Amino acid sequence: MSETLYLEPAEWTTQAACRQSDPDALFVQGAEQNRAKVVCQACPVRTECLADSLDNRIEFGVWGGMTERERRAILKRRPNVQSWSRLLQAAKAEHARVEAASAARTA
Ligand code: SF4
C-alpha cells in the first residue's frame, strides 16, 4: 500500500477540510477560536497546514488547529527550528512507523 505521508503546499490545500467553509470563520477572536479549531481536528492535512503557518510566521487566524497565540508560544519555545515542514514531516513519518509496528504486533 502506498500512502502519502506529507504533501507540498501546492498539494495540501486541495485536501483542506476548510476549503468549502467561509474563510473568515478561521479568523475570529476569543472563544470563537475554539469553535474554529473543531474543523481542523479531522483535517487530513493538519500537519502540513500547521507547518506552513509556522514556517511563514503567519500571525493571524487558526491554522493547523492552533490559534495565533498557540503558534507564537511554539515559535518562542523552539526558536532554532529552521524548517517546521521538515520537523513535522519527520514526526509524522515516525508516528506512522510506530503505528504500523503496533498494528503488526497485534495482528
Ligand atoms: S488544519 Fe484547519 S485551517 Fe488548516 S487546512 Fe485543515 S481545516 Fe483548514
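## Packing of helices α3 and α5

The crossing of α3 and α5 is right-handed, meaning that the near helix is turned clockwise from the far one by less than a right angle. The axes of the two helices come within 8 Å and cross at roughly 155 degrees; axes are lines fitted to C-alpha atoms over the stretch in contact, with angles from 0 to 180 degrees between N-to-C directions. Helices α3 and α5 are therefore roughly antiparallel to each other, a label for angles over 145 degrees.

The residues that make the contact (C-beta atoms, placed from the backbone, within 7 Å) are tabulated below.

| Helix | Range | Residues in the contact |
|---|---|---|
| α3 | residues 46-55 | Thr47, Leu50, Ala51, Leu54, Asp55 |
| α5 | residues 84-106 | Trp84, Ser85, Leu88, Lys92 |

These residues divide into five nonpolar, two polar and two charged. Here Ala, Val, Leu, Ile, Met, Phe, Trp, Tyr, Cys and Pro count as nonpolar, Asp, Glu, Lys and Arg as charged, and the others as polar.

The model is predicted: local features need pLDDT of at least 70, side-chain atom pairs count only at pLDDT 80 or more, and totals for chains, interfaces and linings use all residues. Residues are numbered from 1 along each chain as its sequence is written.

The protein as a whole has five helices and zero strands, helices being DSSP runs of H or I with at least four residues and strands runs of E with at least two. Its C-alpha atoms fill a box of roughly 45 × 35 × 25 Å along the principal axes. Of its 107 residues, 21% count as buried, that is, with 20 or more other C-beta atoms within 10 Å of their own. Among contacts with a separation of 6 or more, 57% join residues 24 or more positions apart.

How values were computed: Buried ≥ 20, exposed ≤ 12 C-beta atoms within 10 Å, placed from the backbone. Contact = placed C-beta atoms within 7 Å. Parallel < 35°, antiparallel > 145°, perpendicular 65-115°, else oblique.
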